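Look at the structure, then read on.

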Amino acid sequence: KPSDPGCVGCIDCKGKDEFFASPDGKFENSTNRHCYWMPAQTSANWLDARRACLAWGGDLASVSSWPESNYLNGIINGDTWVGANDMSVEDQYEWSSGEPLRFLNWNPGEPNNLFDEDCAFVTGDIRFVDDDCSNGNHPYLCERVPQGECGDVIIQGIDECDDNNNIDNDGCSYCIVDCNI
């Protein structure tokens, strides 16, 4: 229960790493403890997809690292909207969630801004492609990041990692925060 005092980051997900077993498309990544929702057989333009994600309590997904990309690679099997966009400043992509942009794996030749394309989708192999935000032909992936603090093993938007230990040379030491926000 989210009201339990010992519960940090409790979220409404059907199961850890069990996307295909979840009929409503909700699942939790057990590595970063983020919750995702990919509505079945639903396509929308980028703005409507974002509205649906916000109504769910999240935002369009922010694929912020190679491990997260690899995890989602087994789930996304076609062009799917994510939160990357350059609507504020042309050619300066950002995540709609406000999470720091550290990772974009562009498809070769992208972004090309061919027809004033300001939003991005990912292909089945998690390569980013810019597209017209009003294109209503893509499914979408929502992400909800539980609240927490450094050392809770939940990778927050400002954390690069969070392993709750102080072991040197293990790839992460307790909590690394990106201070260039």
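**Fold, sheet and loops**

Of the contacts in the chain (heavy atoms within 4.5 Å) between residues at least 6 apart in sequence, 55% join residues at least 24 apart. This is a predicted model: local features need pLDDT of at least 70, side-chain atom pairs count only at pLDDT 80 or more, and totals for chains, interfaces and linings use all residues. Residues are numbered from 1 along each chain as its sequence is written, and side-chain values use heavy atoms, with hydrogens and water left out.

Q: How many helices and strands does the chain have?
A: Both kinds of element are DSSP runs, numbered from the N terminus: helices are H or I with at least four residues, strands are E with at least two. From the N terminus on, the order is β-β-α-β-α-β-β-β-β-β-β-β. The total is two helices and 10 strands.

Q: Which residue in E7 is the bridge partner of Ala120?
A: Strand E6 covers residues 119-122 and pairs with E7 in the antiparallel sense over four bridges. The E7 partner of Ala120 is Asp130.

Q: Is Ser62 buried or exposed?
A: Ser62 sits in the loop between strand E3 (59-60) and helix H2 (66-73). Its relative accessible area is 1%. Buried means under 20%, exposed over 50%, partly exposed in between (1.4 Å probe, protein chains only). Ser62 is therefore buried.

Q: With which side chain does the side chain of Ser62 make a polar contact?
A: A polar contact is a pair of N or O atoms within 3.5 Å; within protein, one must be able to donate a hydrogen and the other to accept it, and residues adjacent in sequence count only if both atoms are side-chain atoms. For Ser62 the distance is 3.0 Å, and the partner is Ser97.

Q: Which residues does the cis peptide bond join?
A: Pro111 lies in the loop between E5 and E6. Omega is about -10° for the bond between Glu110 and Pro111.

Conventions. Two strands pair if DSSP finds at least two bridges between them.
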